[in-house]
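Colleague: I have the model open and would like to talk it through with you. Could we begin with the terms and then go on to the details?

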Amino acid sequence: MPSQRVDAVDDRTVTAMLEQLQEGYVAAVAATAGCFVQRVGGDVNGVDAHIIRPAKSIGAEEEITLGVQLKCTTQVRPDPAKEYFSYQFSKRRSLEALTLRRSIIKVIPLIMVTSPQQRSWTKSTHEALRISHCCYWLNLEGYSITDGVQKPSVKIPTANIFDADALIDIMGRLERGEDL
Amino acid sequence: MDPDTLPPIDQIDPMRFTALLEQAGWRLIGGRRGLYNRLAPPSLADTPDGVRSSILIPLDRQAPDYSELIRAAIHEVQGTEDGEVWHRQILPRIVARAADQFQFRRQTEAPAGLIPWDQGEYMIKSVRGTLAAGAKSYIEKKRRFSNRLGQFSNRFLETIYMGQTAVGSYIVTAYAPTDSEIPVNRSMGNISPGDSVARGRDVTQSVSRALEATVEAIDHYHRTNSLAGFDAGIENGISHELSYWLEEFASRADESDIRIVWDSGVDLLQPPELASPISTYAFTRQDANILGRAARYLADDPTPATHEVVIGRVHVASKKRPGDPGVFGLEVSEGPVRKVQVRLRNALEYHRATRALDQDLILAISGNLERDGNQAWLYNAEILFETTSVAQANAQLGLPAPVEGLELFDDSSADFDR
């Protein structure tokens, strides 16, 4: 998780704060979509958290779970006018984990783009809490990684904003057994 | 998490994992049919935090992500406050093979989870002896087995795993696979079609019946002050050996019990109270005394093999605990064996053996001579007289001058481990 060139409140903790910022973002979106977020302990093959849409009633087997890998960067600023932006993984292993075929729990990356100015990550008004900037999602299952590249890049559609509507749609597709 | 402590992932049955967690108080709160179960830990099962603290157990063993999810589930359970439960209750039973669980528990004055070293050693030996004696009763009901069926009971013990001890007192746990096949007359691994084979569960049930009969016999003793209940219980598996080892297990403990948790195959459709029936056999310190009396009573076989008189020199004497009758070893000058271990009928006579040891006296002893493995034993023995030489002893018995003893048994071992 890159933290270079960040104007930090405290250099010692800025990486952890980037994680916390993204967790807060994802938790807020999930809450809006009626889902729980559960952190996954340890390094479980690139999965940082599960987003759970609970069953209609406790014990009913209609729950949906989505695994997510959390990435947060201050290095890029996507141009909404463009169809894609590029994100570079710092470790090939992280991307490899996302390309695995899975049938029980699908896993996607959530790539958050934020400001290099830590103090500007959030702004509160009487109307809203604004979190800078945006989180994007992408399905990389089965994606082919170029041989030998240690820090591979992927193209992320700027349209794939991770918000409550997108999450509800993703959960719906998973429930129906459709591709993401 | 140390992966070396885990059974192979492909041996882990996710439905058993689910059921074992439910037995430990976890609650099924969700899942997807055929894909996974979600369980919340006991303390959070009824709260919103239950989902956030839950674990996901994958069910589709063919799924490409099954292995990583089952490893993650194990990691999560180990990391919770139920980590101890994982090691004691779940790990030993998580593999697909079903096993009944014996828990031998002793409550002593030692801190929870600890036991004085020598008591711990005795406890392990008594557990082994109890299981062996109970297993023998599967094949045959006998007042005293001595060395009979030792190979069969050893084969049964070979199928058993010793599990983790538990906190709260001192507990020795043994897991007896229900479906193991124990040859009645052959060594393990040499089973041929038509061979007589005992199933692990059936042998465990024999052990259970023998324990139940023992508890009933003790209860009968409490009511009548009679050992007749032990006689009556022989047909249900009571024996000298079982009483002897149970006394060893129960003595010097404030209280003790043996629990058998019957593996029900963890059928999720069964109500929890039927999922794992438990049999419990409890013993008090007073019961240990009764068991000791019963063991000595049952050792006195009404149809002994041979009644013999031996003459010899005491070379070792041993008394484990105050009040025990004591055992001593005799180097035989006149008699059918070269060495014999002697258990006296009257414990008060033991001092005569120690005096003979101190003063190099020769003893003439009568008793029931029996073989136990490669050892000769003289049970229900009586010291006839002491003297200073073998020749004098022969003369007193009206025997001719000393001759070289005939060797009936291989008595090379002088092991006093009894």
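Modeller: A cavity here is a set of points, on a 1 Å grid over the protein atoms alone, where a 1.4 Å probe fits but cannot get out, and its lining residues have an atom within 4 Å of a point. This is a predicted model, in which local features need pLDDT of at least 70 and side-chain atom pairs count only at pLDDT 80 or more, whereas totals for chains, interfaces and linings use all residues. Residues are numbered from 1 along each chain as its sequence is written, chains are lettered from A in the order in which they are written, and side-chain values use heavy atoms, with hydrogens and water left out.

Colleague: Which residues lie nearest the centre of the largest cavity?

Modeller: Val40(A), His50(A), Leu56(B), Leu69(B) and Ala72(B) do, out of 19 lining residues. Two or more residues of that lining come from each of β1 and β2 of chain A and β3 (55-58) and α3 (66-79) of chain B, where helices (H or I, at least four residues) and strands (E, at least two) are DSSP runs numbered from the N terminus.

Colleague: And how much space lies in the largest cavity?

Modeller: About 180 Å³, the volume being the space filled by probe spheres set on grid points that are joined across faces, edges and corners.

Colleague: Switching to the interface, how many residues are in contact?

Modeller: On chain A there are 25, in contact with 26 of chain B, contact meaning heavy atoms within 4.5 Å. The two chains bury about 2,100 Å² between them, 53% of it on carbon and sulfur atoms; buried area is the accessible area (1.4 Å probe) lost on putting two parts together, summed over both.

Colleague: How many salt bridges are there between chain A and chain B?

Modeller: Two, counting a side-chain nitrogen of Lys or Arg within 4 Å of a carboxyl oxygen of Asp or Glu. Glu63(A) forms a salt bridge with Arg38(B), with the closest N and O atoms 2.6 Å apart. As for the side of chain A that touches chain B, β1 (36-44), β2 (47-53) and β3 (64-73) of chain A each supply at least two residues, and β1(A) gives the largest share, seven residues.

Colleague: What about Arg92(A), which residue does it form a salt bridge with?

Modeller: With Glu96(A), the closest N and O atoms being 2.9 Å apart. Both residues lie in helix α2 (residues 92-99) of chain A, four residues apart, about one turn of the helix. Over all chains, the count comes to 22 salt bridges.

Technical notes: On a 1 Å grid over the protein atoms alone, a cavity is a set of points where a 1.4 Å probe fits but cannot get out, and a pocket is an open set with protein on both sides within 12 Å along at least five of seven lines; lining residues have an atom within 4 Å of a point.
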